[in-house]
Each structure stands twice: as structure tokens, then as C-alpha cells.
Amino acid sequence: MSTTAVIPHSQAESWTLPSRGMVGMACLIVAESAIFIIFVVAYVFYLGKSLTGPTPRDVLHLPIFISICLFSSSYTVHRAVSALEHGKRRACTVWLTLTVLLGGIFIAGTAREWHELIYREGLTIKTNLFGTTFYSLVGLHASHVLIGLVMLSLALLFSVRGQLTSRHTERLEVLSLYWHFVDAVWVVVFLVVYVFGK
Amino acid sequence: MATQTPTTAVLDQASAQGQRPLWLETVQDWVTTVDHKKIGIMYICYALIFLVVAGFEALLMRIQLAIPNNTFVSPQTFNRLFTMHGTTMVFFVGMPILFGFGNYLVPLMIGARDMAFPRLNAFSFWISAFGGLLLYFSYLGGDGLYGMGGAPDVGWFAYAPLTERVFSPGHSTDYWTLSILLSGIGSIGTALNIVATTISMRCPGMKLNRMPLLVWLYLVVSLMAFVVVSPLTAAQIMLMLDRYAGSHFFDTQAGGSAVLWMHFFWIFGHPEVYILVLPAFAFANEIIPVFSRKAIFGYPAMVAATVGIGFISLSVWAHHMFTVGMGAWANTFFTFATMVISVPTGIKIFNWLATLWGGRIHFTVSMMFAVGFLFQFLIAGLTGIMLSVAPFDWQLGNSYFVVAHFHYVLVGAILFMIFSAFYYWYPKMTGRMLSEKIGKWHFWLFLIGFHLTFDLMHVPGLLGMPRRVYTYEADRGWAILNMLVSSGAIFQAVASLLFVSNLVYSYFKGAIAGADPWDAWSLEWSTTSPPPPYNFAVIPTVGSRRPLWDLKHPEDPDSNYEM
């Protein structure tokens, strides 16, 4: 028996497997979801158990505008991917710009909300259990939005410089998968914190 | 084939003719490598170093407990010893050694040239290694402002609110948290890599139902790691926020809950045991058939049982919390779930027995360890069922019975199977056989030491000896038992030294192994030992579950019998 690779290479039927990028991102999403679930559980578990005020009902307002912005950005990033796939690089740049803009509005809105909560309502992470769980859960989501924005901005930069071609569709698709996940998490956070938790 | 062999020869000649590299070049080669085999070996060596360190900590504890009213170590040191022993063994021995073997074997077994994300692989290794160093740096840096010095002393499950800043000032707990956070990131990275490799990198013909069972089990383990390690990461983030940002997650003074930490920790903690034991099953699935000279019995049942364990293990965590007082319904549920998980586990044991049945069994050292594993894992499972009964657990929770039970799993099952895996795959990794003679000494000494220590350890537990006490009075009737338990530890230490010397000795003097010393059937044995950096000169194509059998027996290929 020869000592090298001895399995003969026969002419097999076509052999295609899922893209490793998409599989990897799907795995990351599962792991991240588990982290978010733990923070959501902590939020729900401590609802109404704060020993002092302020309570969610006192200080929280529905962030409808920025939520619409974030949800729309899922659509725009999807358009960016399909534009790139069809080789429309100009359109891809436009859709990416829109995505970054909408994500930016969301982050700015969260920043404004936090500023008001801290300086007007006097709610910090140290104040009570509501502050603890609110800032950690919303902050965890916001940090994911920030990471997504950095990545999207990089993609935009490459797109503007004409370096993003249809060869890179799959990579942009992987990134868009992450962005959809960030959006989906916001659906849960929005419902738990601002709708049912109030 | 005749046209393929020269290709390899030419490629290998290039490296063979080069001069011997300078040692600094060798170091640079290993530090910057993204080769899954080198990373796998680094994982294994790093785990072995920590195995020796944490084993030494266990020895110190056994010396302290050997006689009543001993003053060999102080109570403070004892607290640090059991914390460091537990944390090290789980996070810096168990996890890296399983990922080490996974890294090495999974791509070879599915006919791939590397993992799906080689650089992520290197990153995961180095961040885990850094976590381990951070944990041990606490011996130097843990002092903090209050001179509360030294290593973490909060226990390996670090119950709140002891870990809050008020009760654990200084930095030792921070080192504990950070090191686990980092090792968790590394674990997720490697798990992600294994899943992506298994799904996207299989060679032509390697359908899911033809994958070696080892690869199947690693797939399940990695999927479990996502949903199991991540909650721990989340809990560590909360603990860090509590300690540094002044939040109140586990601060009972501000309404925080200590029980919530318990839930978060054990949601990780119990499935973690299955993450550690499934790779041991994976090794058994490869080793037992080869040394029984039979194909594995019940391949689909094995896969189904593994997936079943994966799911059920997510619903048993609170059996660690029966003594907390969760109420009758919760106790009933977790008792039931814990008992149910023994069903798929039992299926596995029966399948291994059926594989042995009627086989031509070869008692190599590897097989001896595997048979030891079968018996000991059965006993460990039986004491597990005893402890799953809530009222029984109320009596024996936090006693040495529990310690004996889980060491029976971790040492009697997992460590035995890891030893078995060493004897089986060492020839592939180094090109040389481990000495069977030293190996037999290693096996028998370790077996005697193991049973002396961990069989007898059940008894002081039944007699009421609580875990984590640094000493005990002479009139309790535990003294002679503890002395015997400690003397067993010495047998194990000597056996482990033999094992390490065998690893070193055989690396230089062992018999040359050749590509396929065991006459095995999976793809890693089709390439040279050690394999070239590219694994396979030509990507193989497989037609059944035992591709090498097909090759050696073209008149009677496995594919004839598979659906």
C-alpha cells in the first residue's frame, strides 16, 4: 500500500456544500442569541423588583421613529446585496449609504434617549435593578448595532472606491445576515422593554 | 494512482531537502501557524501542562485531607486550591484537549485540507491560552488594593453574592471572570469553526450519514457550545458590570438575586459536562470498533442518541439546585429530565457492548483504557441517577458523594478515554508508536489509583463529609477512608508521570508507526504519519462509512451494505 493519499479520485456526481461564510455567521447568530436571551431573562426576571424608582412607566417613551429607521435598514441592506449580485455597483453604493444613514439615526436616537434618562430622569446603571437591566440589555444591542455600522461603513468605503464587485456578493450577504439579526433582536428588545415591560 | 504519487513525493522533497531550521524559526513557525494540525497539537500540549498543574493542586488537597486536623495548607490556601483545580480542569484542560483532538481529527476525517476558518482557529487558540495564563497570573496580580492577595477563592461555580465587590475585594475574582470570558470566546470560535468545517468542507461522497461518528459527535458538541457557553459569557459580563460599573444583577442588598446566578451558571454548567463527555464518546466510537475488528453497531441509533443527549442536556441544569428550594414542580421536572437523559446514554453503552460482542478484540493499551471507560462510565451514570432523585440529593448535596460521582465521570470516563485517544492517535500525530510496555504500567497503576480514590470517596460522602472543608475532626470515622483516598492519588500521580515520560520517550525512540498502524478504516489513516501540511495530495472521494475498508477490500466494499 502506498503511504500517501490512497483514496482514488473517482468521477463523482456534482458535489456542492453550503457556503462556509453563511454557516459561520449562522453559528455566530445562534451563540449571540443565547447571550441576548440571558439578558432578556434577567430583564424580565427583575421587572418590578426595583427597590427604588424610577420605574419603566415613569421614564420610558416608545422609540417609534428610530425603530422604523432600523427596520427599514434591513430592507436597504437587502437591496444593496441584490444590486451587487446583479453587478449594479452604483446602486449598491446608494443602498449601502442609506443603510449606514438609517443605522446612524438609530444610534443617535438611542444616545439621545440615554442622555435624557441620565441627566433629566437621573436613571443610571447604579440607580436600581431597572437601570441595571435596561442599560445592559439596550446597551448590548446598541453595541451590536455599532459593530454592524463599522462593518457596513467599511463595505461602503470599498464600494465608493469601486473595489466592491459582484465577486464579493457572498461576503456582503454574510454581513447583511448579521444586520438582519441585529434588527430581529431589536424586535424582541422593543417588545420586552417598551411594550410589555412598561 | 500511479500518476498521483509522484506529486506528493515532489512536494515533500522540497521540505526534506531544506536545512534543519533554526530554533527561532521553529518557534515562529508554531506561533504564526494556521495549520489545524499544529493548532490541535498546541491545544493538546497546553491542556497537558494545565493537567499537570491542576493535578498537582489536587495532590496538595489530598495531602491536607489525608489525616484529621492537618495543617499542611491554610484554610485560605485550601479555598484557592479547590477553586483553581476546578476552574483549570474544566476550562483549561477539558475544553482545550477536546478542541485539540477535534481540530486535529475533524478535517482529516472528512477529507479536508484545513478548517473552514484557519485564522479564526489560531485566534481562538491564542485567546484561550491567554485566558489560562491570566487565571494563573492571579497568583501574582490578584492582590488588589486590600491585600486580599492570591488566586481566586470563590469556588469554581463562584456563587453570588460572594463574588460581589463587597465580599471579594481585590482582583482575584476579576482574574477568574476575565479568564473564563476569554476562554469562552475561544470556545465559541473553535466550535463555530468545527460546525462550518463539518458542513462546508466535506470531501466528495462524504454525506452526513457517511461521516465518522467522531465527526458527528463533534458537530453536536459544537452546536451545544453555542447555546451553553454563551449564557456563561453573558453571566460573566453581568458579574463584571456588578464589580466595575456598580450595577445590581447579583447584589442582594439592592434586590438582586443570588439564585439567578445559580440558574445562569448551571445552564452552562451542566450541559458543559456533556460537552466534555461527548468527545470521550466520540473517541470510543472510533477506537472500540477498530480494536473489535467490527463496524460500529447501530450507527443511526448512535447519531440519534447523541442528538437526543444534546437536546435533553439543556433541560437538566437545576438538578444542581435541589437544595435551594425551587418547589415541588420544578424539582419533579428536573428529576424527570435528569433520569430521561440516561436513556440515550444507555443506548450508547449497549451499542458499544454490541460492537464488542463477537468481535476479535485486540487488547492494546488504547483498548484497555476504552474498556475501563465502559465500566466506569456505567457506574458514574448509576450514581448520577441516584443523585437525580431530589430527596436523595437533599441528603447528599454538597457532600463528598457528589464529588466522587462527578470525578467518576470526569476521570473514570473522560480522562480514561483521553488516554485511550492518546495511545490511538499519537502514532498519527508524531509518526511513532507509544510504548505499549510503559502504557500497560500506566493503565494498571492508574486503574488501581482511580478505584482506590474514587470508589472509596463515595463513603465519607454517605457518612456526611461535606465538600470544600479544609480539615475535619478525628472522631468522625472518616480518617481511614480519607487516608486511602489520598494514597490512591499517589498511584495516579505516578501513573501520570509514566504517561508523560512515555510521550517524551516515544517521540524520540518509539517504533516507526507507518501510515496505518491499527489497520483502521477512517480517512486520517490514509495519509502519512504525521500528515503533510496539505493533508491529502489529492482530495479523496468516499463511497461508504469505512473508506479505507473499501480500499483494502475492493471485493467486498461497505457500500454494498449501506442504504
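**Helix H14 and helix contacts of chain B**

In this predicted model, H14(B) is followed by B:Gly431, whose phi is positive, near 85°. Helices (H or I, at least four residues) are DSSP runs, numbered from the N terminus. Residues are numbered from 1 along each chain as its sequence is written, and chains are lettered from A in the order in which they are written. Local features need pLDDT of at least 70, side-chain atom pairs count only at pLDDT 80 or more, and totals for chains, interfaces and linings use all residues.

H14(B) spans residues 400–430 and has a kink of about 45° at B:Tyr424, shortly before B:Pro427. The bend is the angle between axes fitted to the seven residues ending there and the seven starting there. Of the 31 residues of H14(B), 27 are buried (20 or more other C-beta atoms within 10 Å of the residue's own, C-beta atoms being placed from the backbone).

H3(B) (residues 36–66) packs against H5(B) (residues 118–141) at an angle of about 10°, with the axes 10 Å apart. Axes are lines fitted to C-alpha atoms over the stretch in contact, and angles run from 0 to 180 degrees between N-to-C directions. H3(B) is therefore roughly parallel to H5(B) (angles under 35 degrees). Among the H3(B) residues that meet H5(B) are B:Tyr43 and B:Phe50.

Chain B also touches chain A: 47 residues of chain B are in contact with 36 of chain A (C-beta atoms, placed from the backbone, within 7 Å). H7(B) supplies the largest share of the chain B side, ten residues.

How values were computed:
Contact = placed C-beta atoms within 7 Å. Helix = DSSP H or I, 4+ residues; strand = E, 2+ residues; numbered from the N terminus. Buried ≥ 20, exposed ≤ 12 C-beta atoms within 10 Å, placed from the backbone. Parallel < 35°, antiparallel > 145°, perpendicular 65-115°, else oblique.
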